[in-house]
Amino acid sequence: MARELDVRGLHCPLPILRTRRQLDHMAAGEELIVLVTDPASVIDFRHFCNTTAHELVEHSAQGGVFTYRIRRGEG
């Protein structure tokens with residue numbers, strides 16, 4: 001079961017910073033679902049996962065809310 005982090009209403013860089021903090025307290029392989037309303041998050045979350053060991057498993061947008069499922073990587 002994935003954990004959920006709701007950062008709706010926050011703007012860059014807070015969604016990424018809070019996501020990183022949450023992932024730091026999780027075990028490798030665990031998944032985090034992040035709910036975001038900042039449109040810039042699409043670029044931010046892709047870049048974050050491309051530059052870390054974390055995997056962007058899926059993302060979607062509906063009603064102005066962006067949802068990201070991230071799998072915690074090693075290290």
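Is Ala28 buried, partly exposed or exposed? Some notes on that and the rest of the model follow.

1. Ground rules. This is a predicted model, where local features need pLDDT of at least 70 and side-chain atom pairs count only at pLDDT 80 or more, while totals for chains, interfaces and linings use all residues. Residues are numbered from 1 along each chain as its sequence is written, and side-chain values use heavy atoms, with hydrogens and water left out.

2. Ala28. With a relative accessibility of 41%, Ala28 counts as partly exposed (buried is under 20% relative accessible area, exposed is over 50%, partly exposed is in between, using a 1.4 Å probe and protein chains only). You'll find Ala28 in the loop between α1 and β2 (helices are DSSP runs of H or I with at least four residues, strands are runs of E with at least two, both numbered from the N terminus). Leaving aside neighbours within four places in sequence, Ala28 is in contact with Arg72, Gly73 and Glu74 (contact means heavy atoms within 4.5 Å).

3. Four strands make an open sheet in the order β1-β2-β4-β3, with mixed pairing (two strands pair if DSSP finds at least two bridges between them). β1 (3-6) and β3 are the edge strands, each pairing on one side only. From one strand to the next, the twist averages 15°. β1 and β2 pair in the parallel sense over four bridges, and Arg3 stands opposite Leu32 in β2.

4. Helices on the sheet. α1 lies across β1, β2 and β4, running at about 160° to β2. α2 lies across β2, β3 and β4, at about 5° to β4. For these angles, axes are lines fitted to C-alpha atoms, for helices over the stretch in contact, and values run from 0 to 180 degrees between N-to-C directions.

5. In α2 (residues 41-50), Ser41, Phe45, Phe48 and Cys49 are buried. They cover an arc of only 90° around the axis, which puts them on the same side of α2 (the arc is that of the directions from the helix axis to the C-beta atoms). On the other side, Ile43, His47 and Asn50 are exposed. The cover over the buried residues of α2 includes α1 (14-24), β2 (31-36), β3 (55-62) and β4 (65-71).

6. The core. The largest nonpolar core has 14 residues, of which Leu23, Leu32, Val34, Val36, Phe45, Tyr68 and Ile70 touch the most other members. α1, β2, α2 and β4 each supply at least two residues of this core. By nonpolar core I mean buried Ala, Val, Leu, Ile, Met, Phe, Trp, Tyr and Cys residues joined through side-chain atoms within 4.5 Å.

7. Thr19. This residue is in helix α1, and Thr19 counts as buried because its relative accessibility is 0%. Neighbours within four places in sequence aside, Thr19 is in contact with Leu5, Leu32, Val34, Phe45, Phe48 and Ile70.
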